[in-house]
Amino acid sequence: MYEVLKAIADRRSIRSYTDEPVSDEMLKKLIDAAEQAPSAMNRQPIHFTFVRDKAILKAFSDEARAHLSDPSMDILRGSKLVCFLFAEIPGVFTPIDAGIAVENLALAAHDLELGSVILGMPREAFTGDRAAYWYETLHAPAGSEFAIAIGIGHPAASKEAHPVREGLITIL
C-alpha cells in the first residue's frame, strides 16, 4: 500500500551513473511508461526518442555544452540512456503533457532501480546553428519542438532529499 507515494518520496535526481547499460527489458518498460502517460483530450502530442548510442550522446552533449557559460559541464550527466521528448506545436496543454510524461519516466526508472535526472539544458542544442541537424538526427516529427529530456542509468551514487521550502502550500 502507498507504493506510489513511497516512490515519489524516495526518488532523487541522480547525476552519476555506472557503465552498466540499461537492458532491453528495462528499456521496454520505460517505453511502456512513456506511452501510458495521460495527455489532454488524449491527443498524445509527445514523441519520445530514446538514445543509447554513446557517439550520439557525446556529440549532442558537446553541441549543447558549447552554448553554456560553463563549457566543462556534462549536460547529460553521464546518462547511459537519454529520452528526448518532442512536443507537437501548437498545443495549449502540450508543455503540461510533456511534464507529465517525463515524470512517468522518472518514476518508472525509480521502480526499475535505475536513476534519472530530468534535463532542460539540452534545449541549447536545439537553438544553435545545428538545430535542424539535431531535430533530424533524433527523429523529431516535423513541426515539433524539443520539450524536455530525461537521463537514465544505473546509479553510481545517491543523495539525501532536498529540504522542502516553507510556504509552498495554501489550504483554503
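**Helix α2 and strand β2 in a predicted model**

Me: What covers the buried residues of α2?
Reply: In this predicted model, the cover over the buried residues of α2 includes β1, β2, α4 (94-111) and β4, where buried means under 20% relative accessible area, exposed over 50%, and partly exposed in between, with a 1.4 Å probe and protein chains only. Contact means heavy atoms within 4.5 Å, while helices (H or I, at least four residues) and strands (E, at least two) are DSSP runs numbered from the N terminus.

Me: Which residues of α2 are buried?
Reply: Met26, Leu27, Leu30, Ala33 and Ala34 are the buried ones in α2. Seen down the helix axis they fall within an arc of 120 degrees, so they line one face of α2, the arc being that of the directions from the axis to the C-beta atoms.

Me: And what does the face turned away carry?
Reply: The face of α2 turned away from its buried side carries Asp24, Glu25 and Glu35, which are exposed.

Me: How far apart are the end C-alpha atoms of α2?
Reply: They are 16 Å apart, which agrees with the 16 Å that the 12 residues of α2 (residues 24-35) should span at 1.5 Å a residue; the expected span is 1.5 Å times one less than the number of residues.

Me: Switching to β2, is it mostly covered or exposed?
Reply: Strand β2 (residues 81-88) is mostly covered, with seven of its eight residues buried.

Me: Which strands does β2 pair with, and in what sense?
Reply: β2 pairs in the antiparallel sense with β1 (residues 46-51) over six bridges, and also in the antiparallel sense with β4 (residues 144-153) over eight bridges; two strands pair if DSSP finds at least two bridges between them. Phe48 has Leu85 in β2 as its bridge partner, and Phe86 stands opposite Phe146 in β4.

Me: Zooming out, what pattern does the protein follow along the sequence?
Reply: The protein follows α-α-β-α-β-α-β-α-β, with five helices and four strands.

Me: Anything on numbering and confidence?
Reply: Residues are numbered from 1 along each chain as its sequence is written, and side-chain values use heavy atoms, with hydrogens and water left out. Local features need pLDDT of at least 70 and side-chain atom pairs count only at pLDDT 80 or more, whereas totals for chains, interfaces and linings use all residues.
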